[in-house]
Amino acid sequence: RNGEVVRDPATQAPLPVNKVVETYFQEKPLLLGVPAQQQQIGGRGAGDAHGAKGPSGLKRFSDVEKLWKEQNPDGNVMSTEFQSYVNKVAKETPDFDYYA
């Protein structure tokens, strides 16, 4: 480090290269991104903040249509209200599937 041999603080013996590299990236975690203990599996944005299905819990068009029919038994899926509802859910869910 800085042109000097990195040594074990207890024994003053030179540290192996793999330990030097490991120590370096523990001191500077942003060089590799977020440290492993803090990493969260997931994609872009806040998609995983709401679980796998987005904030509304709906990920597929067929699920949205089913819920709409349950909540609005007399509602028409061809109405502008339904289309607005679908658009809102799709906007909140990054990987919303219109064709499922």
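Which pattern does the protein follow, read along the sequence? The pattern is α-α-α. Here are my notes on the model.

1. **What kind of model this is.** The structure is a predicted model. The mean pLDDT of the protein is 74. Of its residues, 69% reach 70 or more. One stretch calls for caution: over residues 50-55 the pLDDT is below 50. Beyond near neighbours in sequence, residues 50-55 have eight contacts in the model.

2. **Overall make-up.** The secondary structure comes to three helices and zero strands. The protein has 100 residues, and 14% of them count as buried. Take the contacts with a separation of 6 or more: residues 24 or more positions apart account for 40% of them.

3. **The segment before the α1 helix.** Q12 lies in the segment before α1, and α1 itself covers 17-27. Q12 is not a glycine, yet its phi is positive, at about 65 degrees. Is Q12 buried or partly exposed? Q12 has 47% relative accessibility, so it counts as partly exposed.

4. **The nonpolar core.** Which residues make up the largest nonpolar core? There are nine: L58, V64, W68, F82, Y85, V86, V89, A90 and F96. Two elements each give two or more residues to this core, namely α2 (61-71) and α3 (80-92). The α3 helix gives the most, with five residues. As background, nonpolar side chains in soluble globular proteins tend to be buried together.

5. **F82 and its neighbours.** F82 is one of the core residues. Set aside its neighbours within four places in sequence, and F82 is in contact with F61, V64, E65, W68, N76 and V77. Of these, V64 and W68 are also listed in the core. F82 belongs to an aromatic cluster too, together with F61, W68 and Y85.

6. **Aromatic pairs.** How many aromatic pairs does the structure hold? It holds four. One of them joins F96 and Y98: the ring centres are 5.0 Å apart and the planes stand at 85 degrees, so the pair is edge-to-face. The cut-off for edge-to-face is over 60 degrees. The two partners sit in unlike surroundings. F96 is buried, with a relative accessible area of 11%. Y98 is partly exposed, with a relative accessible area of 43%. F96 is also part of the nonpolar core.

7. **S79 in the loop.** Where is S79 found? S79 is in the loop between α2 and α3. Its relative accessibility is 15%, so S79 counts as buried, the cut-off being under 20%. The S79 side chain makes a polar contact with the side chain of E81, at 3.4 Å. The side chain of S79 also reaches the backbone nitrogen of F82, at 3.2 Å.

8. **Salt bridges: the count, and R60.** A search of the whole structure finds four salt bridges. In general, side chains of opposite charge can pair when their charged atoms come close. One of the bridges joins the side chains of R60 and D63, at 3.2 Å from N to O. R60 is partly exposed, with a relative accessible area of 39%.

9. The side chains of K69 and E65 meet in a salt bridge, at 3.6 Å from N to O. Both residues lie in helix α2, four residues apart, about one turn of the helix. K69 is partly exposed, with a relative accessible area of 46%. E65 is partly exposed as well, with a relative accessible area of 22%. E65 also contacts F82.

10. K88 forms a salt bridge with E92. The closest N and O atoms are 3.7 Å apart. How many residues apart are K88 and E92 in helix α3? They are four apart, about one turn of the helix. K88 has 48% relative accessibility, so K88 counts as partly exposed. E92 has 31%, and E92 counts as partly exposed too.

Notes
Residues numbered from 1 in each chain as written. Predicted model: local features only at pLDDT ≥ 70, side-chain atom pairs only at ≥ 80, totals over all residues. Heavy atoms only, no water. Core = buried A, V, L, I, M, F, W, Y, C linked by side-chain atoms within 4.5 Å. Buried < 20%, exposed > 50% of the residue type's maximum accessible area, 1.4 Å probe, protein only. Contact = heavy atoms within 4.5 Å. Phe/Tyr/Trp six-rings, centres within 6.5 Å; stacked < 30°, edge-to-face > 60°. Polar contact = N/O pair within 3.5 Å; in protein donor to acceptor, adjacent residues only side chain to side chain. pLDDT = per-residue confidence, 0-100.
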